[in-house]
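Hi! Here is the structure I promised to pass on.

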Amino acid sequence: SQLVPGGRGYSGDVRAATLFIAIQDSSGNELYVREAGIQVLEYMLRGRLTALPPERLFTDTTSMTAAVSRALDTLVELLSPIPP
């Protein structure tokens with residue numbers, strides 16, 4: 001869930017960039033699959049959803065770092081050694 005710029009309370013579906021991570025073994029069996037949203041790709045302009053201009057895409061490094069963290073957190077926990 002993320003606020004739509006200029007949305008003034010808009011609620012609904014919008015296009016968004018998502019980080020998708022899938023790890024498979026050599027036989028193609030999925031070992032880990034997780035996804036995390038990065039940012040919405042549209043904003044509200046005069047009451048209509050409009051694509052964000054390219055210069056406004058992926059400029060928030062905090063959001064990108066958080067998405068990577070969310071997508072990998074379970075994997076990191078699974079691979080972390082158990083303390084003695």
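Val 40 is buried, as its relative accessible area is 7% (buried means under 20%, exposed over 50% and partly exposed in between, using a 1.4 Å probe and protein chains only). You'll find Val 40 in strand 2; strands are DSSP runs of E with at least two residues, helices are runs of H or I with at least four, and both are numbered from the N terminus. Val 14 is 26 residues away from Val 40 in sequence, yet their C-alpha atoms are 6.8 Å apart.

Before you go on: this is a predicted model, where local features need pLDDT of at least 70, side-chain atom pairs count only at pLDDT 80 or more, and totals for chains, interfaces and linings use all residues. Residues are numbered from 1 along each chain as its sequence is written, and side-chain values use heavy atoms, with hydrogens and water left out.

Is Glu 42 buried or exposed? Glu 42 is buried, at 12% relative accessible area. A polar atom of its side chain is 2.9 Å from the backbone nitrogen of Arg 15. Setting aside residues up to four places away in sequence, Glu 42 touches residues including Val 14, Arg 15 and Leu 52 (contact means heavy atoms within 4.5 Å).

Leu 41, with neighbours within four places left out, is in contact with Arg 15, Ala 17 and Leu 57, among others.

One last thing: the charged end of Arg 56 sits over the ring of Tyr 43, 5.1 Å from its centre (the rule: NZ of Lys or CZ of Arg within 6 Å of the ring centre and within 35 degrees of the ring normal).

Conventions:
A polar contact is a pair of N or O atoms within 3.5 Å; within protein, one must be able to donate a hydrogen and the other to accept it, and residues adjacent in sequence count only if both atoms are side-chain atoms.
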